Amino acid sequence: MENKICTQLFDIANENMQQSGNTFTHPRAAFLYYTRNDPHKVDILELMKEEAANEEFVEMAYLAILNRPIDEEAQKSWKKQLGLPEKKFRALVIQRLTGSPEADVCHKRIYNNIYASQRRRKGSGTVGFMVQKLLPLYRRLPQGLKNGIRRIMGVGE
């Protein structure tokens with residue numbers, strides 16, 4: 001219900017913006033993600049599942065990881081990589097944002113970050129080498145088993 005209301009709000013506001021000769025600077029997917037964004041934590045595996053084009057994904061990643069919209073300078077910088085394949089682009093975005101000094105200051109709890117750089121930060125939620133190797137197996141498990149594993153590991157809600 002909440003997502004439907006937010007979608008309708010976006011559509012109404014976007015239509016009004018167009019009638020006035022302007023447009024939103026952020027696409028619908030980023031706006032809707034913002035309405036669901038948890039300011040205290042982010043699950044990278046869940047973020048990776050979001051249906052969005054590369055341009056939308058980078059905006060969602062800024063909201064998810066840094067708790068702020070993407071700035072104009074960063075948008076220009078990422079424009080060069082928008083043509084990369086989706087998985088490669090997303091991995092690059094996650095790796096750069098979670099490894100940035102701004103992410104350290106943000107103090108957002110980051111879970112399931114398989115794209116973390118080698119440097120480990122306190123409270124970053126990075127996973128070890130063994131977990132990275134087991135992740136492809138985990139992804140193929142039925143949802144019920146995944147939920148059980150998440151509960152055992154203390155990640156399930």
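**Contacts of I65 and the nonpolar core**

Leaving aside neighbours within four places in sequence, I65 is in contact with V42, I44, L47, I94, L97, T98, A103, C106, K108 and I110 in this structure, which is a predicted model. I65 also belongs to the largest nonpolar core, a set of 29 residues in which I44, F57, I65 and W78 touch the most other members. Two or more residues are given to this core by each of the helices α3 (44–49), α4 (54–66), α5 (72–79), α6 (86–98) and α8 (129–139), and the largest share, 8 residues, comes from α4.

A search of the whole structure for aromatic pairs finds 1. This pair is formed by W78 and F89 in an edge-to-face arrangement, with 5.8 Å from centre to centre and 80 degrees between the planes. Because W78 lies in helix α5 and F89 in helix α6, the pair ties together parts that are 11 residues apart in sequence. Both W78 and F89 are buried, and W78 is, as noted above, among the core residues that touch the most other members.

Confidence is highest in α6, at a mean of 93, and lowest in helix α2 (residues 28–36), where the mean is 67. Over residues 119–127 the pLDDT is below 50, although this stretch has 24 contacts in the model beyond near neighbours in sequence. Where pLDDT is low, the predicted coordinates should not be read in detail.

Conventions: Residues are numbered from 1 along each chain as its sequence is written. This is a predicted model: local features need pLDDT of at least 70, side-chain atom pairs count only at pLDDT 80 or more; totals for chains, interfaces and linings use all residues. Side-chain values use heavy atoms; hydrogens and water are left out. A nonpolar core is a set of buried Ala, Val, Leu, Ile, Met, Phe, Trp, Tyr and Cys residues joined through side-chain atoms within 4.5 Å. Buried means under 20% relative accessible area, exposed over 50%, partly exposed in between (1.4 Å probe, protein chains only). Helices (H or I, at least four residues) and strands (E, at least two) are DSSP runs, numbered from the N terminus. Contact means heavy atoms within 4.5 Å. pLDDT is the predictor's confidence in each residue, from 0 to 100. Rings of Phe, Tyr and Trp (its six-membered ring) pair if their centres lie within 6.5 Å; planes under 30 degrees apart count as stacked, over 60 as edge-to-face and the rest as tilted.
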